[in-house]
Structures are given as structure tokens and as C-alpha cells.
Amino acid sequence: MDYRLIHADENMTELGEVSCFVQFDAQISMEPTQEENDWMLQMPARMWQNCPIRAGHSIYIPGTEWGGVVQRVRHTGSEEMVRVYGLCWRGMLTRKAVCPPEGQTHLVLSSVEGNAAAAQLLDGWQAELFAVSQQHSGVVCSGSVRYRCLLDALYAVLEGVGRLRLEFADGRVLLSAEPIAERSDEIELSQEYEARIISDGKSGDYNHLLALGRGEMLERTVLELWRLPDGTVTDDPEAEGVPAPADYVTYIYDYSAVEDDAELLAAAKKKLRELSGTCSVEIELYSSEEGLELTDIVSVRDSVTDMTAALSVVKKSINISSSGVSILHKLA
């Protein structure tokens, strides 16, 4: 793949290729924060002076989502180095707030095609820079959003059904939704791939959870959940395998800021799963190719402990230097 770094001015007019630099580092993540979706370019001061890269300009790799608008330029005189910092295009989506329509508590999406949902959430924001694919994504999503940044809102409505893809081409960033790639049957990663693997097996502690929601005293919402022997979580007290009260190991989950009972139930189920006894595996995989995308699901095996898990790519980072191109995939 061609990893040329392009420099453009504040009007996205291409000024040329950045060819003499020390290193370029960038990261994108499923964490919807600026700190997890940014980049840095380090170059000799004399090279920067030949073609200054200033705040408001852009650095990007065409055909990818690596790069974005320059936020900060820092010169270290003792090192004669200039460091240029910016947000990746994904990180820039944290700068738009998604708010409920006037008179409503939430912006609600019900069975909306993925790209149509993205267009509704983007709502024409910075239309000269961001566009949404007009193709049918094959993804149908639902959800409700209340005062979230755009990146977080997109992640929320696509969770479990699709993923967000960004690509810079022809002077604009194209957003699109697409199905999650379940590749655990075809890809099994292990130490053989020069990956760093951390596995952690533990027995279950909690099999019962009380979720405390909105309200006060007798008016407070209380939901009760149980973990069944096969690891699934239920709120049905009649379900087969629900432990007897004498065998409860209870976790009290206080979520008074929840918006509604549906959100409380979803959060409580997630919490009890996290508290369940599981085999936990994390992996960091280095490569010189793009390989995997955020949310791709693959099988991971620790060849020492023989623990296995189906993991999702939660973060990617790239480093370009005189040594070449290195891409890190973090799965969890």
C-alpha cells in the first residue's frame, strides 16, 4: 500500500508530499475521545521551514483515514525539531454534539439504514469536509441518543450490527456504515504471529445483580438479574438454572443517572457479564499491512495457557519512519 503523507492548506488545496520527516504516528480507536484518535508528525525544523505546516492545514494518507487537521505546532529548539499534532478524521467527529430535537428527550432512530442514520446524525455538519456514502450499507440500526458527541453517537447506534468506516479521497472524508466482519472461523492469532498476548482465567464471583435506577425510596426502579450456569444473563426468575436465594452472590449496581428502564437493563446485563467468571484474552499484533479493521472479530489463542477467545479490534495505530511502516492492532 502507498503510505505517502500529503500536506494540504486550510482550503484542502494540496501543497505537496511530506517526504523528509522523522516519524508519523497516528491512532484510531473505539474509544470516542480525542485522545484516542489523534496523530503526530515529527520533522527537522529546516524541512518544516521549506514548507510550513500550520494550524488549520491537513496531513493525510490518501485512501485511508490516517491523518486529519493540524491542531498544534511545537518547535523544540534544542533538538531542532518541529512536532505537528492533530486529530484524525475520526477524532474530529468528537467535536460535534448530537442533541435531541426540540421538545424531545432523545433523538430516536428506529430501523434506519446505516448510512441514512449516519447522515441524520451528521446533519450537514462541515459539509465541505465530511460526506456520507449514498450506497445501501446492508446495515439496519436503531437507538436513541441524548447529548453525545457525534463519534460516540455513531458507535452507539451501530453497536452490535455494524461499524463506521472513514476514507479520505478527492478532498473529502467519506463516512460509511458496513457490516461487522466476523472472521473468527478463518483467522486464529497466537504467539506465532509475533503477537503480545495476555490471558487471564478466573472463576465467577457474582451470579446475582440488583440494578438500582431512577427514583427515590419506594419509587426507585430496581431490576434483578441472574447468571445461569452456561454464562448467560437473564432477568426471568423462572428461567431454568436460576440459582436458589441461598446460593446468591450479589452485586449491587447503582445507576441513578440512567435515562430509562431499557437502558438500565442493558447496562446491568453488561455489568453482570463483566463480573462473570471468564477466560479473558487481550492481544497486541504488529504488522506492516492494514490487515484488520476496527470491530473485526477473530479467534485468539494463547499457545501457553491454551486459553481461547473471539476478540474484536478495538484500536489501531500506525508508525511510519525510516525503518518502514508498522501497524499495531489491539484486540480485546
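This is a predicted model: local features need pLDDT of at least 70, side-chain atom pairs count only at pLDDT 80 or more; totals for chains, interfaces and linings use all residues.
Reader: Over how many bridges do strand β17 and β20 pair in the parallel sense?

Author: Residues are numbered from 1 along each chain as its sequence is written, and side-chain values use heavy atoms, with hydrogens and water left out. Helices (H or I, at least four residues) and strands (E, at least two) are DSSP runs numbered from the N terminus, and two strands pair if DSSP finds at least two bridges between them. For β17 (residues 208-212) and β20, the number of bridges is five.

Reader: Which residue of β20 is the bridge partner of L209?

Author: β20 covers residues 250-254, so we look there, using the DSSP strand limits. The bridge partner of L209 in that strand is Y251.

Reader: Which strands are the edge strands of this open sheet?

Author: The sheet has four strands in the order β19-β18-β17-β20, with mixed pairing. Each edge strand pairs on one side only, and these strands are β19 (233-234) and β20.

Reader: At what angle to β18 does helix α5 run?

Author: Helix α5 (residues 261-275) lies across β17, β18 (222-227), β19 and β20. Axes here are lines fitted to C-alpha atoms, for helices over the stretch in contact (heavy atoms within 4.5 Å), and angles run from 0 to 180 degrees between N-to-C directions. Relative to β18, α5 runs at about 35 degrees.

Reader: Why is helix α4 described as largely enclosed, and by what?

Author: Buried means under 20% relative accessible area, exposed over 50% and partly exposed in between, with a 1.4 Å probe and protein chains only. The buried residues of α4 are L150, L151, A153, L154, Y155, V157 and L158. Because seven of the nine residues of α4 (residues 150-158) are buried, the helix is largely enclosed by the rest of the structure.

Reader: Which residue just after α4 takes a positive phi?

Author: We look just past the helix, for a phi of about 85 degrees. The residue is G160.

Reader: What is the relative accessible area of P100, and is P100 buried or exposed?

Author: P100 is found in the loop between β8 (97-98) and β9 (107-113). Leaving aside neighbours within four places in sequence, P100 is in contact with T105, H106, L107, R146 and Y147. P100 is buried, with a relative accessible area of 12%.
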